[in-house]
Amino acid sequence: MKNLIRIEDLSKEEILQIYNRAYEFEKNTRKANHIDAQVVTMFFENSTRTKLSFELALNRIKANKYDFQVSTSSINKGEELFDTINNLSAIGFDTIILRHKEDSLIEELVNKKYYNDISFINAGSGMSAHPTQALLDFYTMKKQFGSIEGKTITIVGDVVHSRVFKSNIELLKKFNVNIQILAPEIFIDESIEGIQYFSNLKAAFEKTDIIMALRIQKERISEKIDFEDYIKNYQITKENLPYGAFLMHPGPVNRGIEIESSVLELQSARTILNQAKNGVFVRMAILDMILSNRGL
Ligand code: CP
């Protein structure tokens with residue numbers, strides 16, 4: 001693995017390899033030392049979980065980490081991103097962790113020629129891909145269920161604007177998971193095949209092993225959202241959460257919108273924090289595989 005851009009680029013076997021390596025890191029049976037690696041985080045969109053768990057993962061595998069500050073960089077003098085990264089390559093940085101609002105910018109960048117060879121990890125691209133989130137979601141589900149093959153997952157909410165959804169769908173399809181979507185019409189994209197669509201929460205939750213709520217991506221939506229209607233019909237509450245259901249959310253949660261605030265205090269909602277925790281092990285595994293492959 002030289003880069004991680006999209007889930008589509010990974011085979012089922014490679015996903016399981018990432019799982020196994022992450023599990024070894026979690027159980028402390030694997031150590032890594034990448035003292036020669038020079039890794040830059042470049043976040044053009046806000047982040048808490050992804051950025052800081054990448055930073056912690058880099059510390060734990062003893063790689064050198066540098067944070068590119070967009071607001072004080074020469075991007076603000078008009079430098080193109082390719083030229084910036086080419087200069088970083090010349091200076092001696094070897095790996096870029098990039099989050100950007102443009103859907104396909106990372107693919108364009110990865111296909112260019114640099115002063116020195118450089119690796120890219122996608123930390124979120126527009127509305128189209130967030131592969132490390134899907135991999136940590138897979139890790140969280142597989143740890144719980146052993147195997148996710150044949151399980152039913154209900155994904156609730158804003159699937160149209162969600163890069164988490166797009167990467168998860170690609171991964172879940174590889175593992176033959178039954179996928180249900182529960183969402184109002186404005187958040188539905190019915191072009192995706194092999195999915196059962198619901199507009200009624202009770203019907204969707206009747207037979208489901210996993211419930212994955214998605215954040216309403218307010219910053220990407222221009223039309224007016226009827227929050228009252230959403231809360232009334234789609235919010236996950238203490239009352240409608242099926243007993244024993246495995247509740248997930250990639251974060252950040254819009255408290256009181258996707259999930260009733262009191263549900264977040266329940267023991268069963270600890271899975272959401274476990275997703276954040278597991279992100280560190282999964283990112284350690286991804287970095288370890290990419291940096292080892294480069295001999296760093
Ligand atoms: N889930 C996720 O990507 O969270 P952040 O935006 O905080 O990184």
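Helices (H or I, at least four residues) and strands (E, at least two) are DSSP runs, numbered from the N terminus.

Before we go on, please keep in mind that this is a predicted model, in which local features need pLDDT of at least 70 and side-chain atom pairs count only at pLDDT 80 or more, while totals for chains, interfaces and linings use all residues. Residues are numbered from 1 along each chain as its sequence is written, and side-chain values use heavy atoms, with hydrogens and water left out.

On the helix 5 side the contact (heavy atoms within 4.5 Å) is made by P131, Q133, A134, L135, D137, F138 and M141, and on the helix 6 side by V164, S167, N168, L171 and L172. By class, this contact has eight nonpolar, three polar and one charged residues. Ala, Val, Leu, Ile, Met, Phe, Trp, Tyr, Cys and Pro count as nonpolar, Asp, Glu, Lys and Arg as charged, and the others, Gly among them, as polar.

Helix 5 also packs with helix 9 (residues 270-293), at an angle of about 115 degrees and with the axes 8 Å apart. This crossing, too, is right-handed. Helix 5 contributes T132, Q133, L135, L136, D137, Y139, T140 and K143, which meet T271, N274, Q275, N278, G279, V282, R283 and I286 of helix 9. Five nonpolar, eight polar and three charged residues make up this contact.

Follow helix 9 to its other partner here, helix 2 (residues 49-60): the two axes come within 8 Å and cross at roughly 55 degrees. Helix 2 and helix 9 are therefore oblique to each other, and their crossing is right-handed. From helix 2 come R49, T50, S53, F54, L56, A57, L58 and R60, and from helix 9 A276, G279, V280, F281, R283, M284 and L287. Nine of the residues in this contact are nonpolar, three polar and three charged.

Now to the ligand. Around it (a heavy atom within 4 Å) are N46, S47, T48, R49, T50, R99, H130, Q133, P250 and G251. Among the polar contacts (N or O atoms within 3.5 Å), a side-chain N or O atom of S47 is 2.7 Å from a ligand oxygen. A backbone N or O atom of T48 lies 2.8 Å from an oxygen atom of the ligand, and a polar side-chain atom of Q133 is 3.1 Å from a ligand nitrogen.

Finally, look at the backbone: a cis peptide bond joins G251 and P252, with omega about -5 degrees. P252 sits in the loop between strand 9 (246-248) and helix 9.

Terms used
A polar contact is a pair of N or O atoms within 3.5 Å; within protein, one must be able to donate a hydrogen and the other to accept it, and residues adjacent in sequence count only if both atoms are side-chain atoms. Axes are lines fitted to C-alpha atoms, for helices over the stretch in contact, and angles run from 0 to 180 degrees between N-to-C directions. A crossing is left-handed if the near helix is turned anticlockwise from the far one by less than a right angle, and right-handed if clockwise. Angles under 35 degrees count as roughly parallel, over 145 as roughly antiparallel, 65 to 115 as roughly perpendicular and the rest as oblique.
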